[in-house]
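This briefing goes through selected local features of one protein chain.

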Amino acid sequence: CEVKKMYKLAIDAMSGDLGSEIVVKACLSFIQSHLDVELYVTGKKEELKSLENVNNIHIVDAQDIVGMNDGIMSVRRKKESSMVKAVIMANDGQVDGVVSCGSTGAFYTSAMLFLKRIEGVEKSCLMAVLPTYNNKGVCMLDVGANAENTAEQLNDFAIMGNIYAKNIRHVLKPKVALLNIGTEEKKGNEVHQHTYQLLSQNENIHFVGNIEGREILLGDVDVIVTDGFSGNIALKTCEGTASLVMKMIKESMLSSTRGKLGALLAKPSLYSLKDKFDYKSVGGALMMGFTKAVVKAHGASDEIAFENAMDLAYQMVKQDVVSQMKEGLEIK
């Protein structure tokens, strides 16, 4: 009789804006549909009583919490926190992946301090999947883990993003582009020009050249490579613009009787547009370059968004994406 493989995830239950309640609900829902998963939920055991005696869920008591404003030294000191305990479990090989909706900076710091990076990766990065006009979505990395990057590091990001797009997003031949101030080969500073050359010579990716900020959400490419400074600005600009446009449409339609009637008729289409830019459906951002799957859920995640983040980590582990990234980086 063949023994079914079990995948193990550490879940930080305490660090998000909405507390442990939404994580508990997400865990209970997730475990019902994922019979090949064991969850190790870190947090205050008195807040996790609903998870007691649930098959394949283990409570790991952690009485400390890493706050949204905690810096590097605070994270280093809080080894008994739910976040750090979850990361250390991954480093010790007890679990295959980690999910948290805590502070991005604190979670990234925890991973940098207590989790090994893939050999050959100089810097890890943060990757987000952005919605696009054609509904395909686009992977963009780095979106904020590093203030600046070298051309060699950006080349590594391209390899990791390409492998993710193939294995998780099931794109046969991902189109990889470099975010720049123009589409011409010689555009940008020295780092971007050097990166362009490295990506052009990289036989393991399908590099299609530079892409400008206005083209990010069109969906013509599958992976966008950028330094963390530019990527974070681009990401937040896209998020802010989408939110502002929806607000302007709503205010415009509700400003008159005719507009209100039009809004009633257009309601299904407006909800469809809103859903397209809803972070809940994406799940979370990935911290790439570590030896385990590390998923950062949105800080204000509800149970649906957090469960989607857990599923993202599960898919990463099940498809063994980290091992494939190791191989891809070895032959770069």
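L199 is buried, with a relative accessible area of 0%; buried means under 20% relative accessible area, exposed over 50%, and partly exposed in between (1.4 Å probe, protein chains only). This is a predicted model, in which local features need pLDDT of at least 70, side-chain atom pairs count only at pLDDT 80 or more, and totals for chains, interfaces and linings use all residues. Residues are numbered from 1 along each chain as its sequence is written, and side-chain values use heavy atoms, with hydrogens and water left out.

- L199 sits in helix α6, residues 190-201; helices (H or I, at least four residues) and strands (E, at least two) are DSSP runs, numbered from the N terminus.
- Between the C-alpha atoms of L199 and L178 the separation is 8.6 Å, and the two residues are 21 residues apart along the chain.
- Helix α5 covers residues 151-167 and includes Q153.
- Q153 is buried at a relative accessible area of 6%.
- The Q153 side chain reaches the backbone nitrogen of T150 at 3.0 Å. Such a polar contact is a pair of N or O atoms within 3.5 Å; within protein, one must be able to donate a hydrogen and the other to accept it, and residues adjacent in sequence count only if both atoms are side-chain atoms.
- K166 is also found in helix α5, and K166 counts as partly exposed because its relative accessibility is 39%.

**Salt bridges**

- The count comes to 4 salt bridges, where a salt bridge is a side-chain nitrogen of Lys or Arg within 4 Å of a carboxyl oxygen of Asp or Glu. Three of them, among the set, are described below.- E21 pairs with K25, and the closest N and O atoms are 3.5 Å apart.
- Both E21 and K25 lie in helix α1 (residues 20-33), 4 residues apart, which is about one turn of the helix.
- E21 counts as exposed because its relative accessibility is 54%, whereas K25 is partly exposed at 41%.
- D222 and K136 meet through their side chains in a salt bridge of 3.2 Å, N to O.
- This pair links distant parts of the chain, 86 residues apart: D222 is in the loop between β8 (206-211) and β9 (223-225), and K136 is in the loop between β5 (125-130) and β6.
- D222 is buried, with a relative accessible area of 5%, while K136 is partly exposed at 41% relative accessibility.
- R214 forms a salt bridge with E212, with 3.0 Å between the closest N and O atoms.
- R214 counts as exposed at 72% relative accessibility, and E212 counts as buried at 17%.

**Backbone geometry**

- Most residues other than glycine have a negative phi, and most peptide bonds are trans.
- The peptide bond from L141 to D142 is cis, with omega near 5 degrees.
- D142 belongs to the loop between β6 (138-141) and α5.
- H170 is not a glycine, yet its phi is positive, near 60 degrees.
- The loop between α5 and β7 (175-179) holds H170, and H170 is exposed, with a relative accessible area of 61%.
- D320, likewise not a glycine, has a positive phi of about 55 degrees.
- D320 is placed in the loop between α10 (303-318) and α11, and D320 counts as partly exposed at 42% relative accessibility.

**Surface patches**

- Patches are made of residues with over 30% relative accessible area and no salt bridge: like charges are joined within 9 Å, and nonpolar side chains (Val, Leu, Ile, Met, Phe, Trp, Tyr) within 5 Å.
- Accessible areas come from the Shrake-Rupley method with a 1.4 Å probe, and for residues only the protein chains shown count as cover.
- E119, D320, E327 and E330 form a negative surface patch.
- For charge, Lys and Arg count as positive and Asp and Glu as negative, while His and the chain ends are not counted; the place of a charge is taken as NZ of Lys, CZ of Arg, CG of Asp or CD of Glu.
- I72, M73 and L113 make a nonpolar surface patch of about 270 Å².
- I72 is in helix α2, residues 72-77.
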